[in-house]
Amino acid sequence: MDSFAGLSVEERRLVVGIDFGTTYSGLAWTETRRVSARSQGVWNNVDDLQSDHQSVIESWPVSRGTHEGFSCVKVPTEIRYASEGVEWGFQIPPAVARHKWFKLGLEKGTISSADGHLKTPEDLSTDYLTALVGHLMYTLEQNLGAAVLRTTPVEFCLTVPAIWSEGAKEKTLQACQKARLKSEKEIMVVSEPEAAAIYTLHGLDRHGLNIGDTFVLCDAGGGTVDLISYTVTELHPILKVREAASGTGERCGSTFLNRRFCEFLTSKLGDQPGWDSEILAEAMEKFESLIKKHYSPSTSNKEGYSILVPGMSNNDTLGIRRGRYIMTPAEMDGIFEPVVRKIIKLVEAQILSTSQKVTAVLLVGGFGQNNYLKERLRASLGSGILVLQPPNAWTAVVRGAVMMGLARANPKLAAVGLVSRAARKHYGVNSSVNFKKDIHDDARKFWSKKHRTYRVRAMSWFIKKNDPVTEGQPSVIDWHQEFLVNEGTPKSTCGSIYCDEQTVAAPIHKTSNVRALVKLEADLRQLPKSDLKKTIRTREDGNKYYSIYCAIEATFYSASTKYVLLCEGKRYDTVTAEYA
């Protein structure tokens, strides 16, 4: 049976993946009609769906006023505010100040003044994404024609680091919206490692797979390193997997190598005559384009690494001779070793957390292409676990984003089925409940005049860490709040969702590891007065209260959550989420 049957020409739409990265960003797209048309001829079922249906944008502008000129599967995530206008990506001339790594500021909230212009991470991200989207629309128009582009719905799939806070993810989404992304549907937000895993697992040889095989994917990018693991549950008609353990990660991507290298050179040579920002910029360019990509201490550069320092005087003590500074192998090892060791420990911890035999570690992302990282992992993990660098590892995230967007546009086009994810945190609410001696901490109880009994504030967890979470299947959060009738009709009800990613066993009471995740506010003005009147209760203190029993449906997706209010038997899509 044709797995693409039922996808009509009228359902033609474009699906775009956006990988907004720390150091480089990528774009890819496809159209559902092209997939459907191929299925009528070359492709007989979804097993034949290959990456060739995706178009990764590889042509980028090299100067203002142009749209092409540089060929690469990604473009630098950099922006410059010149007197003539905004420059971005490959448009920025070498060795000039520019804003970079600003994506990390969406999490930390730092202000950038790299080129003399004070900008927030939100401003920089919006301006950069505006330029990126503009180039995307130009490319689509060149490939499809203005008439087709004008009449064909476009859907977007945006990737974000899995380890990011909900607040940082929301800021990224808002930056995309401000960049005038005109999406037919709500912008789909997915985690970078999950997108990479969807693409990478689909590319594995199905004949070599068995049900129960477990893989760890390590997405080593510029800013973050994300780890995620999957166990195969079905092979046919499509590959299906479940997340084997909650994902992990840290901010230890390749930009931290750049920072360490910059700090080393500045501390070593920064106070010497002739040292200036141009020398540092040239050195950083060599480190980024040559040293970092090909670093392998066991096979090369036994005599050290030559860094151009034109204009600086000879200094045998420092290692400067004839305009070159020689950095010793031990010094370069000091740059790489802490970052590489941290990544290895993350991989080893993820393998242990799966509690299963791991078949292979799949390395993707920019730094994931590094051969030294691959060899170090192989040496640490031993011969029992394969360490692989799949094809198109640098673009695995954006290609996977297109595949996930395609599956949303038409579920029949899903290439890999994700049965369930593993919760990364405990999720719950902190509420006042009747004190139970065998459960609660006696020191926390208090006397409630309203209820004429001892009460205590306790956590109620609706999802616990590592619990399987099925996409599209909501978790229900009971929500109860009371309002004095003599104070008037309540307009809204507020509450907070809490989380704990540190504690193994979910705590009974709120501890220092439990933090507010999101504040929810539900509009009660939509409740008919007749329904509100039915909620009035008289409590032990003699007062009358509106006793509002609600429930919040929290539906978890790859990197986002949708909240819906259920109150007095009715559903209200009126929940406002304010992330901490």
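Predicted model: local features only at pLDDT ≥ 70, side-chain atom pairs only at ≥ 80, totals over all residues.
Student: How many of the five residues of strand β7 are buried?

Tutor: Strand β7 covers residues 78-82 and is mostly covered. The number of its residues that count as buried is four.

Student: Which strands are joined to β7 by bridges, and in what sense do they run?

Tutor: Two bridges join β7 to strand β9, residues 99-100, and here Ile79 has His99 as its bridge partner. Four bridges join β7 to strand β8, residues 85-88, where Tyr81 stands opposite Val86.

Student: Through how many residues does the hairpin join β7 to β8?

Tutor: The strands β7 and β8 are linked by a hairpin. The number of residues through which it joins them is two.

Student: What is the order of the strands in the open sheet of three strands, and which are its edge strands?

Tutor: The order is β15-β17-β16, with antiparallel pairing. An edge strand pairs on one side only, and this holds for β15 and β16. The edge strands are thus β15 and β16.

Student: What is the bridge partner of Ile320 in β17?

Tutor: Strands β16 and β17 pair in the antiparallel sense over two bridges. In β17, the partner of Ile320 is Tyr325.

Student: What angle does the direction of α7 make with that of β17?

Tutor: Helix α7 packs on the sheet and touches β15, β16 and β17. The angle between its direction and that of β17 is about 120°.

Student: Against which elements do the buried residues of α7 pack?

Tutor: The buried residues of α7 include Phe256, Leu257, Phe261 and Leu265. The elements against which the buried residues of this helix pack are α8, β15, β16, β17 and α9.

Student: Which residues of the largest nonpolar core touch the most other members?

Tutor: Nonpolar side chains tend to be buried together in soluble globular proteins. The largest nonpolar core of this model has 48 residues, and its largest share, 10 residues, comes from α9. Leaving aside neighbours within four places in sequence, Met332 is in contact with Phe261, Phe287, Ile291, Tyr295, Tyr305 and Met327. The members that touch the most others are Phe261 and Met332.

Student: How many residues belong to the other core, which lies apart from this one?

Tutor: Among the residues of that other core are Leu124, Leu140, Trp164 and Leu173. Its number of residues is 41.

Student: Are the rings of Phe287 and Phe336 stacked, edge-to-face or tilted?

Tutor: The structure holds 15 aromatic pairs. In the pair of Phe287 and Phe336, the ring centres are 6.0 Å apart and the planes stand at 50°. Planes under 30 degrees apart count as stacked and those over 60 as edge-to-face. The pair is therefore tilted.

Student: How many residues apart in sequence are the parts that this pair ties together?

Tutor: Both Phe287 and Phe336 are buried. Phe287 lies in helix α8 and Phe336 in helix α9. The separation of the parts in sequence, in residues, is therefore 49.

Student: Which strands stand at the edges of the open sheet of six strands?

Tutor: The order of this sheet is β19-β18-β12-β13-β14-β20, with mixed pairing. A strand at the edge has a single partner strand, so one side of it is left without a neighbour in the sheet. The strands in this position are β19 and β20.

Student: What is the bridge partner of Asp226 in β14?

Tutor: Strands β13 and β14 run antiparallel and are joined by eight bridges. In β14, the partner of Asp226 is Gly249.

Student: At what angle to β13 does helix α6 run?

Tutor: Helix α6, residues 192-203, lies across β12, β13, β14, β18 and β20. Its angle to β13 is about 45°.

Student: Is Ser448 buried or exposed?

Tutor: Ser448 is placed in strand β23. Its relative accessibility is 9%, and the cut-off for a buried residue is under 20%. Ser448 therefore counts as buried.

Methods. Residues numbered from 1 in each chain as written. Heavy atoms only, no water. Buried < 20%, exposed > 50% of the residue type's maximum accessible area, 1.4 Å probe, protein only. Pairing = 2+ DSSP bridges. Contact = heavy atoms within 4.5 Å. Axes fitted to C-alpha atoms, helices over the stretch in contact; angles between N-to-C directions. Core = buried A, V, L, I, M, F, W, Y, C linked by side-chain atoms within 4.5 Å. Phe/Tyr/Trp six-rings, centres within 6.5 Å; stacked < 30°, edge-to-face > 60°.
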